Amino acid sequence: MDRSLALLGLMSAGPTHGYDLKSRYDAIFGAARTIAYGQIYATLSRMIRDGLIEQIGQEPGSGPDRKRYAVTDAGRTRLASWLREPDTPSPTLQSNLFAKTILALVLDDDADALLDIQRHAHLARMRELTTAKAGAPLLDRLAIDYALFQIEADLRWIDLTSARLTDMRKEVRRHG
Amino acid sequence: MADPIITATGLTKSFGPTQALRGIDLSVERGEVLAVMGPSGSGKSTLVHCLAGVISPDSGSVVLDGTDLTALSPDQRAKVRLQRIGFVFQFGQLLPDLTATDNVALPLLMAGRSRRAANTQAIAWLDRLGLGDHADKSPGSMSGGQAQRVAIARALVTRPAVLFADEPTGSLDSVSSESVLGAMLEVVREAGTTVVLITHDARTAAYADREVIVRDGLLSGAYAPVPA
Ligand SMILES: Nc1ncnc2c1ncn2[C@@H]1O[C@H](COP(=O)(O)OP(=O)(O)O)[C@@H](O)[C@H]1O
Ligand SMILES: [Mg+2]
C-alpha cells in the first residue's frame, strides 16, 4: 500500500492536524504496522512541496502539532485518479485495494463501483489467460491455471469485501 | 460497425414490492458472447428472462433481432422464442428416459420437421459437441457434463440467433465445467451464435468477450470520471 496516498485520502475528509492523522491512520490501517510521527511529518512536507496539501493556519503555540493541513484541488485530483486506477494482480493488490475501499467509504465515494473496476480488470486478465490456454500444450496450461487461480482468489476476496461493505462503512464511521 | 442483435432500453420489473430491475439499458452485438455477472438476487435471471421474452418488463423495450418483443402478445413471444432463441439451464430440461438423439430432435419435431431430418440434425449437433458415440444413451445414464452437452445441442439444433445460458455449468466440477464450456464456445463461435451467459463464476465469465455486472437491479455503470 502507498502510505502517502492513504494519508492524503484520510486528509480529504477534512482539515487535519498531524496527531489526528496518526491516530486515524493507526485506527484504520495500523493493524499490521502503525505509522511513526516522523513518517507523518516527512510525508506532509513532501505533499506540501508537491502541492497536494497546504497549511491552513496555525494555532497559538509552537511545534508541528499546531499546524492544520487541507488537501488542495491538485491533491484531490491525484487521490481520485489513484482510487479509480485498477491494480494489476500482484501480491500488493490486497493492501492497495483494501486502502482504496476504506478510503472510498471514508469519503462517501462509491466503493462498490471501485471494486467493480477491479473486477473488470481482473476478468480482462483472466480472459487473456483463458484464450492463451486454449491452444497451449499441457504443461503451459498448468502454469496458466495457476495464474488463473491466483486471480480467482483475489476476486473471491473482492466478492467478500463487497458483501461486507455495509458493515465496513459502520466500522469506518466509528473511527472517523 | 456496431450491429446489435439485442437492444434493451429502460427495463424495469417488480415482483410485488421487490424491484428486480430498476432501469437497465443494454445492447449485445451480433456474434458476441456476453457474461452477465452479479451477486445472487441482483436481478440477473429477471434481466435475461426479459431479454429472451420469457417475461415482459413493466416498462422499457427489448428489440431482439429486429423484433420488438415488448410489443408482442405472450403467444407471439412464445413463437419468437421457439424460432430464434435457445436456452440452457443448470439442469432439468432434458427428458431423462429418451435417448440423447430424441432429446435433441424434439425442438425440430415441434417445428414440424420430419423425424428423419430431425434425427440427422440431432446426431450432427451431438457429434459437434463431442457426443458422437453417445447418441443412443439416455441423459439419465450420462455424467453431468455429458448431459449438459446434450442440453446445449438441443438448444442449438434450431440454429437460434441467440443462446441464453443461465449458470449452464453451475452443477459441474471444474474439469467438466471447463470441457463443456470449451465445447460450447467452439460451436457457438463457429456458428456465429450470440450468447448471453449468466454466471457468478469468474472462470466461466473469462470465456466471454465482455461482462456486465448487475447490482440491485441496475448495471454497475462506469465509475464517475475523475474530476478535471
Ligand atoms: N417470480 C418472482 N416472484 C417474486 N420475486 C421474484 C421472482 N423472480 C425474482 N424475484 C425477486 O427478484 C429479485 C431478483 O431475482 P433474480 O433475477 O432471480 O436474481 P439473480 O438471478 O441475480 O439471483 C430477487 O429479490 C428475487 O427474490
Ligand atoms: Mg438467477
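This is a predicted model: local features need pLDDT of at least 70, side-chain atom pairs count only at pLDDT 80 or more; totals for chains, interfaces and linings use all residues.
The assignment places domain 1 at residues 4-84 and domain 2 at residues 97-175 of chain A. The C-alpha centres of these two domains of chain A lie 28 Å apart. Contact between them involves 14 residues of domain 1 of chain A and 11 residues of domain 2 of chain A.

A salt bridge joins the side chains of Arg84(A) and Asp109(A), at 3.7 Å from N to O. On the face of domain 1 of chain A that touches domain 2 of chain A, two or more residues come from each of α1 (3-12), α2 (18-29) and α4 (73-83) of chain A. Helix α1(A) gives the most to this face, with five residues.

The largest nonpolar core holds 88 residues, and Phe29(A) and Leu44(A) have the most contacts inside it. Helix α5 of chain A (residues 93-106) gives the most to this core, namely eight residues. Both domain 1 (4-84) and domain 2 (97-175) of chain A supply this core with at least three residues each. Beyond its neighbours within four places in sequence, Leu44(A) is in contact with Met11(A), Gly18(A), Leu21(A), Ile53(A) and Tyr69(A). Another core, of 27 residues, lies apart from the largest one, and includes Leu11(B), Val28(B), Ala161(B) and Phe164(B).

Notes:
Residues are numbered from 1 along each chain as its sequence is written. Chains are lettered from A and ligands numbered from 1 in the order in which they are written. Side-chain values use heavy atoms; hydrogens and water are left out. A nonpolar core is a set of buried Ala, Val, Leu, Ile, Met, Phe, Trp, Tyr and Cys residues joined through side-chain atoms within 4.5 Å. Buried means under 20% relative accessible area, exposed over 50%, partly exposed in between (1.4 Å probe, protein chains only). Helices (H or I, at least four residues) and strands (E, at least two) are DSSP runs, numbered from the N terminus. Domain bounds come from an automatic or database domain assignment. Contact means heavy atoms within 4.5 Å. A salt bridge is a side-chain nitrogen of Lys or Arg within 4 Å of a carboxyl oxygen of Asp or Glu.
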